[in-house]
Amino acid sequence: MVLSFALRNILARPRSWIVGLLAAGMAALLTMGLALVGSIAEGTRKSLIESGAGHLQVYHSASGGVPQLLPGPGGSPELVPLPDYAALEPRLRSVEGVAEVVPLEAGGASVFRGNYLDERFAAVRAVAREPASEERRARLGRLAEDLRHTLERVARDAHRREEAFANDVSAREDLLALEEVTSERFWARFTEEPLPALEFLENRVARQAGEGASIGVDYLGTDVPLFARAFSRFELVSGELPPPGTRGLLLGHGAYEQYFKLPIAARLDELKRERERGSTFAGDERARTLVERNLTELGDLLSRLDVERASALRAVLVRQLGHEGELEALLKEFLTLDDGNFDTRYAAFYAELAPHLPLYRVRPGDTLLLRGALEVGSGVAVRVWGTFRFRGLGGDLSRANSTSLVDLVTARLLSDRMTRSQAEEAQRLLNELGLSGSAQEMSATDFGLPTVVDVESVAPGGAEPVFEREAAGPSMRFTDAEQKDGVLHAALVLKPGVSSEDVVERIRLLAGEQKLPLELADWEEVGGFVSGLVGMSRLLLFALALLVGLFVLLVSAGTLLLLARERVGEVGTLRAVGMQRSQVFLGLLWEGLLLGALGSVLGIALGAAVLLGAAGQGLPVRDESLQFFLGGPVLYLRLEAWHALAVGLGCSAVVMGASLVPAWRGSSVTPIVAMRQRED
């Protein structure tokens, strides 16, 4: 009876359908919103898991926080090394469901980016190291003559500085070094012994052309070959993997392109990306600004070119532009870009000009001197073996592709931590000397971080400088025991179809049985600011649901209250023939529930149809900076069963809540009053 009363009222009063339509609109909106936020969360989860986080992270329970693979402004928490990782690793591998255990240590370092003289010296050094031949001797002679003219210009500038800083001791020492490198005897020796002479130039002269700049390098310390096997999106772009047991650095390809590339070329790449998004020079002031910046920095580019490169580059530009001219004027004309010539000149730049330019400041096979975040000691020399990226997780602007990989021994040196054997030795020495304190308070630097010492001496019986360099540093090789000493945390990659919750329970059971101080974290805890963005999207959806729900609640309540007043007489008649107040109340409440339920079903169906029609094959993500958050170049919006259930229950509850006041007021009217109002 109550249900039939509710249905009859709905069919007899089309205005009540407004409530159902409001519920349908709310349901459709929330269905699409839940699918979007859920897909973003799933995409971010996959990206983090497949780019180094793994399904789980295991770390020491006494650590100051959870490991952060992509830390925000607050940095990473202080972690305590895992206990005896060499013995712990096989135990973790034996846990059912675990496929790989990858040791990790996140950190940051910096590398000095030299000035134009450093790059000129590097080009000469490359020729000097070639096998002896007439061609090498001729090239070396041309480069040396060009370098000599450059140093003479530097010497003239230094003389002007000396007039302003006559009492500066370091300025006088720099001037003496420049007088030496502009002398005839220096260049006579340069032809016979170029490498020692270059050492002198790099140590005593290069800094006089400016200090260059420092580049930040975010890195993950790991077993690099194991990391490459464990994470399926890993892709080697250039170079090769460091051989097992060899120290080395793999630069993230994003960092390589953004920070180690010739700035003019990097801006051309940025212009290319902007044009692919639909930008034009005529309508985009930023594009025109990038062109202007390239033109203003031509002087810096020309200062980095030796005579061979400059001659070859000029010949290419003459062929491209079809007329003669000075190199600077030709470059300026070539780099004056507009909508009509950009595509042609961009292709020509990389095909014709780039081979004659110092396109990258470092290449695979070079050695970088990294300094840790604390900048202690003289730095850690490490070879660059190549560059890599995570396939499908954004281009050069992706944070994941801007993170580099380094071996665990180098990571430990950069963080200035002692190994367990070093700590034991330091404690023994402290005890022998009768000194108080703990070896844990010491650093690897205090224990003796290797340094590089430059020594200049004078040859017997003459004033000619003898160029020597005493180099001492950490070995480029390491043992498995050294690699596994002091590991801070490890990523657990699970087998397909295995539940991470089940693995967590098994590892906690193992830790309890063997009294291991282990703690576990999932991808969302270690994702740093990336996980924060996922949480923010959920919060925004929740806020949207509250606002929409409040709107539907108020409008539905007003509509149902108006309808309840219109049928006061009908209610009085029903009460007079025996219907109880509670039955009237339930009937009106059922009316709201049916309107909410029917509207929710309609809205969910509409939302699902929109998702299927507009995004059934996925939404292409053209902005490379967003691909990491969305799980790749295509975002697939998936509607889960629990999404529909949650939306249906939520919308029905809102409309049912809106029905409470109208149902209460409609059922509270006495039969006499209702009949009298109907007669009026």
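Which residues do ring pairs link into a cluster?

1. In this predicted model, ring pairs join Phe227, Phe231, Phe234, Phe388 and Phe390 into a cluster. The structure holds 14 aromatic pairs. Phe186 and Trp187 are both buried.

2. The charged end of Arg383 sits over the ring of Trp385, at 3.9 Å from the ring centre.

3. Strand E7 covers residues 380–390, and eight of its eleven residues are buried, so the strand is largely enclosed by the rest of the structure. A residue counts as buried when its relative accessible area is under 20%.

4. How do the strands E4, E5 and E6 pair with E7, parallel or antiparallel? Strand E4 (residues 234–239) pairs with E7 in the antiparallel sense over five bridges, and Gly239 stands opposite Gly386 of E7. Strand E5 (residues 249–252) runs parallel to E7 and is joined to it by four bridges; here Leu249 stands opposite Val384. Strand E6 (residues 367–372) is antiparallel to E7, again with four bridges, and Leu368 has Val382 as its bridge partner in E7. In a regular strand, side chains alternate between the two faces of the sheet.

5. The largest nonpolar core has 55 residues, of which Leu271 and Leu353 touch the most other members. Helix H14 (residues 307–321) supplies the largest share of this core, six residues. A second, separate core of 30 residues includes Val102, Leu250, Phe390 and Phe629.

6. With which residues is Leu353 in contact, leaving aside its neighbours within four places in sequence? They are Leu313, Val316, Leu317, Leu331, Phe334 and Ala348.

7. Leu271 may also be located relative to Arg286. The two residues are 15 apart in sequence, and their C-alpha atoms are 9.2 Å apart in space. Arg286 lies in helix H12 (residues 285–296). Its relative accessible area is 45%, so Arg286 is partly exposed.

8. The unreviewed UniProt entry lists residues 539–563, 584–612 and 641–661 under "transmembrane region". In the model, the span 641–661 is 100% helix and 0% strand, and its end C-alpha atoms lie 32 Å apart.

Terms used
Residues numbered from 1 in each chain as written. Predicted model: local features only at pLDDT ≥ 70, side-chain atom pairs only at ≥ 80, totals over all residues. Heavy atoms only, no water. Phe/Tyr/Trp six-rings, centres within 6.5 Å; stacked < 30°, edge-to-face > 60°. Buried < 20%, exposed > 50% of the residue type's maximum accessible area, 1.4 Å probe, protein only. Lys NZ or Arg CZ within 6 Å of the ring centre and 35° of its normal. UniProt positions renumbered as here; feature names shortened; annotations may be inferred. Helix = DSSP H or I, 4+ residues; strand = E, 2+ residues; numbered from the N terminus. Core = buried A, V, L, I, M, F, W, Y, C linked by side-chain atoms within 4.5 Å. Contact = heavy atoms within 4.5 Å. Pairing = 2+ DSSP bridges.
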